[in-house]
Amino acid sequence: MSSPADSAAPTMNPAQMAAVQHLDSPCLVLAGAGSGKTRVITHKIARLLQPGPGADLRPAEIGAITFTNKAAAEMRERVKSLIGPRAAGKLLVCTFHSLGVKLLREDGAALGLKQSFSILDSDDVTSILRDAGGTTDAKLARSWQWTISLWKNMGLNSAQALAQAQDDDEQIAARVMKLYEERLLAYQAVDFDDLIGLPMKLLAEHEPVRAKWQRQLRHVLIDEYQDTNATQYELLKQLLGPQGIFTAVGDDDQSIYGWRGATLDNLKRLPQDYPNLKVIPLEQNYRSTSAILRAANHVIATNPKLFQKTLWSDLGEGEPVKLMVCDNEEHEAERAVTHFQLLRSVLLERHPGDPGRTDWSNFAILYRANHQSRPFEQALRKANIPYKVSGGQSFFDKAEIKDLCAWLRLLLNNDDDPAFLRAVTTPKRGIGHQTLGALGEFAGKWKVSLFEALFSDSLHAALNKRALDGLHEFGRYVNDLEYRARHAYGGEDAKVLLLEWLKDIGYEQHLYDNEENEKVAAARWTNVLDFIDWVAKRCGGQIENDGGMSVESEKKSVLEIAQLISLITSLAERNADQNVVTLSTLHASKGLEWPHVVLAGVNEGSLPFSREEGDITPQQVEEERRLMYVGITRARLTLGVSVLKRRKKGREYVQATPSRFIAEMKLDEGGGPKEDPREKLRRLREEMAVKAAATKAAAQATNRQ
């Protein structure tokens with residue numbers, strides 16, 4: 001009986017099959033853009049479950065690690081189709097951070113963590129840092145947050161960071177980091193970076209825990225390996241051990257996250273740390289035409305190579321890459337929109353009734369920085385073309401909405417410690433970090449949640465009367481609010497309750513007190529009122545027309561609607577399939593693809609990005625070149641690259657220089673004639689109008705007969 005991996009052999013190329021079948025030593029799969037890396041990973045998992053040397057593993061002995069929840073979910077579904085849902089359900093398919101949570105939940109007690117430790121989000125961290133650093137300056141707190149995150153990704157604690165601080169700002173950040181570490185320990189909480197650093201420490205310092213996990217995971221597959229940072233590499237080494245078997249899948253040409261700690265040193269270290277490493281390049285691209293790949297190969301060839309690899313495709317030559325020279329940003333946006341209108345007109349004529357080819361979702365405009373989206377949004381709106389800005393902030397990601405959602409989460413689940421910490425400090429009510437630290441220590445000692453600890457009979461031994469009274473007042477208010485939210489049915493009652501709640505806690509005043517700009521505070525308060533309307537509307541009770549009859553919609557309680565908020569993320573992901581043009585930064589586009597792509601603003605200063613002329617290191621240029629390579633290889637069928645003659649600088653226009661990457665693409669090799677897309681679109685419309693008129697005349701003649 002053949003295995004799933006064997007049955008896939010006819011659909012896999014020799015390099016892919018070699019990667020799937022290599023089982024007896026560590027393996028590095030150099031997966032070029034569009035080369036089918038997910039197919040390799042999923043089929044290798046299926047192969048590892050089959051009998052044979054180096055295989056015959058149980059599903060629970062295999063771990064597959066990637067970087068995003070979306071990628072993990074896709075991988076899990078594809079594996080399920082190969083090995084069945086029962087076996088797939090026992091696999092460990094997760095992100096690095098989910099793996100960290102699993103290790104800490106199971107064995108974090110060795111580090112003094114209770115099993116129900118809290119995971120703080122970015123806003124929680126900013127709030128704690130502002131408090132620890134004694135500042136109301138959110139921008140300063142976020143700069144500390146960024147610096148501390150980089151240090152943690154380098155594996156440094158506050159003492160080590162202070163020892164190597166290079167200036168006064170870094171020394172201050174290191175001292176704030178020390179206070180921050182103390183508060184996290186007292187709160188029994190961790191931040192996002194701790195989900196890598198603490199598991200690494202756990203495995204490095206506790207041999208029984210390390211041995212347990214090395215026995216449990218006999219083969220680990222790591223996706224997007226080039227995006228790992230120093231701490232993630234050390235975590236993997238501890239998890240695997242010196243004799244561990246793994247499959248790392250990555251591409252040194254697509255390493256574009258150096259600014260957040262990812263390092264190509266991890267690729268350099270693999271052959272040194274694992275001398276029997278097998279390197280297998282995947283060079284056949286299944287996504288792009290030869291014209292697009294030729295431009296990509298020319299660009300990336302300028303960078304020094306860790307491993308040799310050249311992408312090729314058998315999808316045909318395709319359309320030449322088009323260079324679009326534009327007067328300024330507004331002209332660039334018009335040209336891009338006209339270019340897409342022309343392409344879509346041709347597609348509608350060639351493939352009528354085929355939305356797979358003609359939908360606006362086949363088109364994307366990619367750029368280096370978020371601010372570049374504005375003129376494209378204006379041009380698309382003017383042309384009545386639907387679009388979305390990928391990576392734009394969700395309404396439910398706004399700080400003020402997250403504040404209120406934390407309160408609602410606490411009503412639903414009193415054991416949600418991050419929600420407790422956010423609610424008890426937003427707005428401030430005289431409950432300081434020392435009180436919360438003592439409460440955290442007490443909760444950790446007795447292994448209860450912060451909210452449960454608040455009502456303990458013995459808490460008075462840990463806190464003074466004033467602090468205890470403040471906590472009790474907060475706890476009683478939460479319980480009362482929970483009761484009222486449970487019994488407030490219908491939109492009218494819901495709105496009354498929610499507005500009373502905001503007044504009780506003084507939330508509007510809190511926004512104005514914490515914003516220097518009144519307009520910003522007013523905008524945030526408007527968002528809050530919109531949120532209240534959103535919740536109230538979903539509580540029902542409205543009179544609706546149903547077949548000529550007036551019917552009252554079903555009434556629900558505020559607490560029932562609060563439960564819907566957890567679905568917002570999945571609903572947002574569902575909206576990702578809308579029939580709209582995508583506007584996205586190059587970083588956010590990684591891992592995605594579209595038939596038709598325009599790379600915008602490919603000028604010096606934008607791509608490669610630099611604040612001042614010449615203010616960029618050779619290493620930064622190399623990463624920016626990899627970013628250009630990523631952008632080019634997002635395109636499947638057509639690629640347009642636009643450059644500016646002039647660009648805006650403040651209120652003035654200054655001369656703009658084409659990016660060095662334009663010349664490196666060597667578009668003159670195999671390039672086609674240049675044509676203004678507006679003229680081509682005008683001519684095409686005239687031809688279509690003539691055809692339509694002829695068809696109409698023929699129909700009228702037939703009717704007269």
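**Figure 1. Pro608 lies in the loop between strand E15 (594-599) and helix H30 (618-632).** Helices (H or I, at least four residues) and strands (E, at least two) are DSSP runs, numbered from the N terminus. The peptide bond joining Leu607 and Pro608 is cis, with omega about 10°. This is a predicted model, in which local features need pLDDT of at least 70, side-chain atom pairs count only at pLDDT 80 or more, and totals for chains, interfaces and linings use all residues. Residues are numbered from 1 along each chain as its sequence is written, and side-chain values use heavy atoms, with hydrogens and water left out.

Figure 2. Thr425 counts as buried because its relative accessibility is 18%; buried means under 20% relative accessible area, exposed over 50%, and partly exposed in between (1.4 Å probe, protein chains only). A polar atom of the Thr425 side chain lies 2.6 Å from the backbone oxygen of Leu421. Pro427 belongs to the loop between H20 and helix H21 (433-446).

**Figure 3. Arg409 in helix H19 (residues 399-412).** With a relative accessible area of 33%, Arg409 is partly exposed. Leaving aside residues up to four places away in sequence, Arg409 touches Asp416, Pro418 and Ala419; contact means heavy atoms within 4.5 Å. From C-alpha to C-alpha, Arg409 and Phe420 are 8.6 Å apart in space, and they are 11 residues apart in sequence.

**Figure 4. Helix H10 (residues 168-187) and its two ends.** The 20 residues of H10 should span 28 Å at 1.5 Å a residue, and the 29 Å between its end C-alpha atoms agrees with this; the expected span is 1.5 Å times one less than the number of residues. Buried residues of H10 include Ala173, Val176, Met177, Tyr180, Arg183 and Leu184. At the start of the helix, a side-chain oxygen of Asp167 reaches to within 3.2 Å of the backbone nitrogen of Asp169. Gln188 follows H10 and has a positive phi, near 55°.

**Figure 5. Helix H11 (residues 194-205) crossing helix H13 (residues 230-240).** Two packed helices are described by the angle between their axes and the distance between the axes. Here the axes come within 9 Å and cross at roughly 35°; axes are lines fitted to C-alpha atoms, for helices over the stretch in contact, and angles run from 0 to 180 degrees between N-to-C directions. The crossing of H11 and H13 is left-handed, that is, the near helix is turned anticlockwise from the far one by less than a right angle. H11 contributes Ile196, Gly197, Pro199, Met200, Leu203 and Ala204 to the contact, and H13 contributes Thr231, Gln232, Glu234, Leu235, Gln238 and Leu239.

Figure 6. Glu224 is located in the loop between strand E6 (219-222) and H13. Glu224 is buried, its relative accessible area being 15%. Lys666 sits in the loop between helix H31 (660-665) and helix H32 (677-704). Lys666 counts as partly exposed because its relative accessibility is 38%.

Methods: Polar contact = N/O pair within 3.5 Å; in protein donor to acceptor, adjacent residues only side chain to side chain.
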